[in-house]
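I opened this notebook to keep a record of what I looked up, one entry at a time, for a reader who is new to the structure.

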Amino acid sequence: MTHIDLICVGKLKEKFYADAVAEYQKRLSAYCKLNIVELPEEKLPQNPSKALIDAALTKEAAAIRAKLPPRARTVALCIEGQLLSSQELAKRLLIWETGPTNRLCFLIGGSYGLEEGLKHEAQVRLSMSPMTFPHHLARVMLLEQLYRGFKINEGSPYHK
């Protein structure tokens, strides 16, 4: 069974996001072992300078690196990443499941995204859309797309 780690910067505060994540955790349990790690987002003042943002991203990246599981394929979610359709993501899941490791680790940054170095260290950079979404919503969207990918791969009518 595939192991999927989701390392997220920022804690879900809104109940509707937490409820959606819990629902997809339950659904995904039939297809993978899912582990979600929430790391604290660095506190920044209103209108922070680029230097303050960069320092915060560096601290967050260090916390993420400390939680990376060994030998996992890392996938950084970032706007400049590759755009995949649901079917293309499903195909990738099949390839990744049968690769040298069956452990995937998805990275979702906080309000200011992920540190550049961390994005470049990831084996895959994935974009949900060229649009900007709240990072908490990105977590829900990723879980739904993973579930959809597993359903596509089993030939289920879930994906229409």
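Does arginine 148 count as buried or exposed, and at what relative accessibility? I looked this up and found that arginine 148 counts as buried, because its relative accessibility is 19%, where buried means under 20% relative accessible area, exposed means over 50%, and partly exposed lies in between (1.4 Å probe, protein chains only).

**Entry: the model and its confidence**

I noted that this is a predicted model, in which local features need pLDDT of at least 70 and side-chain atom pairs count only at pLDDT 80 or more, while totals for chains, interfaces and linings use all residues. Residues are numbered from 1 along each chain as its sequence is written, and side-chain values use heavy atoms, with hydrogens and water left out. I read that the protein averages a pLDDT of 94 and that 99% of the residues score at least 70, pLDDT being the predictor's confidence in each residue, from 0 to 100. Confidence is lowest in helix H3 (residues 86-98), with a mean of 92, and highest in helix H2 (residues 50-67), at 98; helices (H or I, at least four residues) and strands (E, at least two) are DSSP runs, numbered from the N terminus.

**Entry: the sheet**

I followed the strands and found an open sheet of five, in the order S2-S1-S4-S3-S5, with parallel pairing; two strands pair if DSSP finds at least two bridges between them. Strand S2 (32-39) and strand S5 (124-127) are the edge strands, each pairing on one side only. Strand S1 (residues 2-9) is joined to S2 by eight bridges, and the two run parallel. I also noted that isoleucine 4 stands opposite leucine 34 in S2.

**Entry: glycine 110**

I next looked at glycine 110, which lies in the loop between strand S4 (103-108) and helix H4 (116-121). Glycine 110 counts as buried, because its relative accessibility is 7%. Leaving aside neighbours within four places in sequence, glycine 110 is in contact (heavy atoms within 4.5 Å) with Val9, Glu41, Glu60 and His135. From glycine 110 to histidine 136 I read 8.4 Å, C-alpha to C-alpha, although they are 26 residues apart in sequence.

**Entry: salt bridges**

I took a salt bridge to be a side-chain nitrogen of Lys or Arg within 4 Å of a carboxyl oxygen of Asp or Glu, and by this rule the count comes to 13.

In helix H1 (residues 15-28), lysine 26 and glutamate 23 are three residues apart, so about one helical turn separates them, and their side chains meet in a salt bridge (3.5 Å, N to O). Lysine 26 is exposed, at 55% relative accessible area, whereas glutamate 23 is partly exposed, at 28%.

Arginine 139 forms a salt bridge with glutamate 38, and their closest N and O atoms are 2.7 Å apart. Arginine 139 lies in helix H5 (residues 135-154) and glutamate 38 in strand S2, so this pair ties together parts that are 101 residues apart in sequence. I found arginine 139 buried, at 2% relative accessible area, while glutamate 38 counts as partly exposed, at 31%.

Returning to arginine 148, I saw its side chain meet that of glutamate 144 in a salt bridge (2.9 Å, N to O). Both residues lie in helix H5, four residues apart, about one turn of the helix, and glutamate 144 counts as buried at 12% relative accessibility.
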